[in-house]
Amino acid sequence: MNQNRPAQPLQMGTARSEGEDEFALSDLFAQILARKWWMLTILLLGGLAGAFIGQLAPNMFRADAVVQIERRSGSVSLPAELVGTLLSGAEGTSGPLATEIHIIRSRLILRPVVDALSLDLRVDPVKAPVIGEALARRNLPFIGDFLPERFIRAGEYLQVARLDLPADLDQVDLHLEVLAAGRVAVTLPDGARIEADSDAPIALPGGGTLEIAALQAPPGREFRVRRIAPRVAIQAVARGLEIVERGSSGIVDFSFSGPDPDQATRIINTVVETYQDHNLGRRSAQIDQSIAFIEEQLPELRAEYRAASEALAEYRRNQDSRELSLTTQQLLNQTVELETEIENLEFRREQLLLRLTSNHPDYLALVAEEDRLRARLEDLRALMGEVPEAEQELARLTQQVDRARQLELQLTNRVEQLRILRASTIGNIFVLEPAEFGRQVGPDRRTPIILGATLAFLLGALGVFGVNALRRGIEDAREIEDLGLSLYAT
């Protein structure tokens, strides 16, 4: 019997090696199961801690709007009579909308939004440390009764209609406390305290005014009323604003995220409306510039026409109503027509220079056409030199009158056409779906519960394993057999 004993541990060791993993897992599970009430308690506490942490963050809401941005050229299409066929109707497609997105997120668009919605005016209630956000959203049993009165509770708010500051101030930080009988106390940055009725404008030192729109809070509650710098408010709007194009379709999703659903809706709609107005104004500015350019030339041209008419009438009186011959009249008509075309080309060149350089192919084409017409005009003038001198003078005066009359008529018609075009100009921004409400998008309050419970389970399991590892004793029959001892019963 003693000779066979060494073989038994070897057989047991081999069996343990084959089922070592299964045994280890079952052993761990058995240790945890033996401490099940401890583990359940730890798991419950971890879930409650996760739920508590998940309630600390404020709710976040997002308002969405869908806008179509047509890909047009940046310039307004002018009539062919004004700029010729080179640029008229040139609605070329532009590149990606990255440039427009940068414009929307710039101060050019966001500053009017901040001014229109008074986003630089902040009203922050005084909240309890750590749990203040949760306490402002819902009534927590028993906890609210033990907190000081100055901390805000659920359903309490202050709305400020207007905060005017003296001319030498652009920022201010006021402390407002609710008193009894509908009165409030305003503490200024220098420590001065003003008590007044909440339903009337409150005069501030230096010419400022604070006007409360609505107040729903019992006596003792405190609020912080601030006027921040516009650039800070603009940066806050830019951080919450998201603009994404759907592929290359020109359909753009505008969204704004913030803690107030109504304010998020107002902000995103105001951003879209401001961008629409800016786009339309930008497209109309070129037409206004053209109208102003023509209207500056009209008085000088009308004076030239009156002077030419008087000179022609005087010459005819002195020459006893001399008339032009048929050949001279034909040369004169051609000359006037060419001079009018040259005047048109010069006007079109001025229009092109407003948005193109002198090296642009379209501009060079107009210059070449003008040179060709001037060459033809010189040939006609050479033919006119063969006409008798008296008739040449009459032709010259008649030519001045006809040219001035035609130019005045054309410029007058151009102004009317441009005014009609300005009145009918539409932008390339179309709102497909305006923002109607802000939907809650965060925070995720379930994940902290899961993470808290998981972490608590792991810590609890490690605690159980640690306690069992420190306990000295025999927990398995194989430990006795491994020592070379006989085991008769368990």
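Strands β7 and β8, the latter being residues 208-216, pair in the antiparallel sense over 3 bridges. If you want a point to look at, A203 stands opposite T209 in β8. This is a predicted model, so please hear everything that follows as a description of a prediction.

Those two strands belong to an open sheet of 3 strands, in the order β3-β8-β7, with antiparallel pairing. Its edge strands are β3, residues 157-164, and β7, residues 202-204, and each of them pairs on one side only. From one strand to the next, the twist averages 25°.

Now the whole protein. There are 14 helices and 13 strands in its secondary structure. The protein has 490 residues, and buried residues make up 36% of them. Take the contacts between residues at least 6 apart in sequence: 76% of these join residues at least 24 apart.

The next sheet is an open one of 5 strands, in the order β2-β9-β4-β5-β6, and here too the pairing is antiparallel. At its edges are β2 and β6, the latter at residues 193-197, each pairing on one side only. Neighbouring strands in this sheet are turned against each other by 25° on average, with direction ignored.

Next, strand β11. β1 is joined to β11 by 8 bridges, the two strands running antiparallel, and V67 stands opposite V252 in β11. β10 also pairs with β11 in the antiparallel sense, over 5 bridges. In that pairing, I243 stands opposite F254 in β11. β10 and β11 form a hairpin with 5 residues between the strands, and in this hairpin G247 takes a positive phi near 65°.

Which residues touch the most other members of the largest nonpolar core? They are L241, F254, I268 and V271, in a core of 30 residues. At least two residues of this core are supplied by each of β1 (60-69), α5 (98-104), α6 (107-117), α8 (230-240), β10 (241-245), β11 (251-258) and α9 (261-318). The largest share comes from α9, with 6 residues. Another core lies apart from this one, with 20 residues, including L158, V172, I202 and I212. As a general remark, nonpolar side chains in soluble globular proteins tend to be buried together.

First, I268: setting aside its neighbours within four places in sequence, I268 is in contact with A63, A65, L241, F254, S255, F256 and A435. Second, helix α8. Its buried residues are A233, I234, V237, A238 and G240. They pack against α6, β2 (121-125), β10, β11 and α9.

The last topic is a pair of helices. Two packed helices are described by the angle between their axes and the distance between the axes. Helix α3 is residues 36-54, and its axis comes within 7 Å of the axis of α13, crossing at roughly 150°. Angles over 145 degrees count as roughly antiparallel, which means that α3 is roughly antiparallel to α13. The crossing of α3 past α13 is right-handed.

Which residues meet in this pair? On the α3 side they are W38, M39, I42, L43, G46, G47, G50, A51 and G54, and on the α13 side P448, I449, G452, A453, A456, F457, G460, A461 and V464.

One more residue in this region is L451, which is located in helix α13, residues 447-470. How far apart are L451 and G50? In sequence they are 401 residues apart, while in space they are 6.9 Å apart, C-alpha to C-alpha. Is L451 buried or exposed? Its relative accessible area is 53%, and exposed means over 50%, so L451 is exposed.

Methods. Residues are numbered from 1 along each chain as its sequence is written. This is a predicted model: local features need pLDDT of at least 70, side-chain atom pairs count only at pLDDT 80 or more; totals for chains, interfaces and linings use all residues. Side-chain values use heavy atoms; hydrogens and water are left out. A nonpolar core is a set of buried Ala, Val, Leu, Ile, Met, Phe, Trp, Tyr and Cys residues joined through side-chain atoms within 4.5 Å. Buried means under 20% relative accessible area, exposed over 50%, partly exposed in between (1.4 Å probe, protein chains only). Helices (H or I, at least four residues) and strands (E, at least two) are DSSP runs, numbered from the N terminus. Contact means heavy atoms within 4.5 Å. Two strands pair if DSSP finds at least two bridges between them. Axes are lines fitted to C-alpha atoms, for helices over the stretch in contact, and angles run from 0 to 180 degrees between N-to-C directions. Angles under 35 degrees count as roughly parallel, over 145 as roughly antiparallel, 65 to 115 as roughly perpendicular and the rest as oblique. A crossing is left-handed if the near helix is turned anticlockwise from the far one by less than a right angle, and right-handed if clockwise.
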